[in-house]
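Here is a friendly walk through one structure, from its sheet to its pocket. Please take a look at the picture first, and then read on.

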Amino acid sequence: MCTSIVEIVEANGAGKGGDGWFDLTHSVVSYDHPHHALLEEAITIDFVNSALGPSARVAVELTLQSAKELSGALAKAAAGALLERRLVSGSECVP
């Protein structure tokens, strides 16, 4: 299976690799054969900083169900964070 399903988004944050913490520049999300997980197919998420070379990468391979659950958890946490920011600031905030 080669799906060519790839999404790339900006990622502002930090990741911890073998050499310690590094700034992230983007995330790559794909659906294809995993490299390490013992699965037929997986959602793979790579958090990277390509300017720092191949060691500046954090990778995750998930089952489709796990990826769906993670997506839901991320959406709920982000919605909760926005609500909290509104309550604290007393106004609308722009993420």
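## The sheet and its pocket

Ser30 has Thr44, in strand 3, as its bridge partner. The model shown here is predicted, so to speak of local features a pLDDT of at least 70 is needed, side-chain atom pairs count only at pLDDT 80 or more, and totals for chains, interfaces and linings use all residues. Residues are numbered from 1 along each chain as its sequence is written, and side-chain values use heavy atoms, with hydrogens and water left out.

Helices (H or I, at least four residues) and strands (E, at least two) are DSSP runs, numbered from the N terminus. Two strands pair if DSSP finds at least two bridges between them. Four strands make up an open sheet with antiparallel pairing, in the order 1-2-3-4. Strand 1 (5-17) and strand 4 (57-62) are at the edges with a single partner strand each, so one side of each has no neighbour in the sheet. From one strand to the next, the twist averages 20°.

Six of the seven residues of strand 3 are buried, where buried means under 20% relative accessible area, exposed over 50% and partly exposed in between (1.4 Å probe, protein chains only).

What is the volume of the largest pocket? The value is about 260 Å³. A pocket is an open set of points on a 1 Å grid over the protein atoms alone, where a 1.4 Å probe fits, with protein on both sides within 12 Å along at least five of seven lines; lining residues have an atom within 4 Å of a point. Grid points are joined across faces, edges and corners, and the volume is the space filled by probe spheres set on the points. Helix 1 (64-89) is one of the elements that supply at least two lining residues, and helix 1 gives the most, with four residues.

Ser27, in strand 2 (residues 20-32), is among the residues that line this pocket. Ser27 counts as buried because its relative accessibility is 7%.

How values were computed: Axes fitted to C-alpha atoms, helices over the stretch in contact; angles between N-to-C directions.
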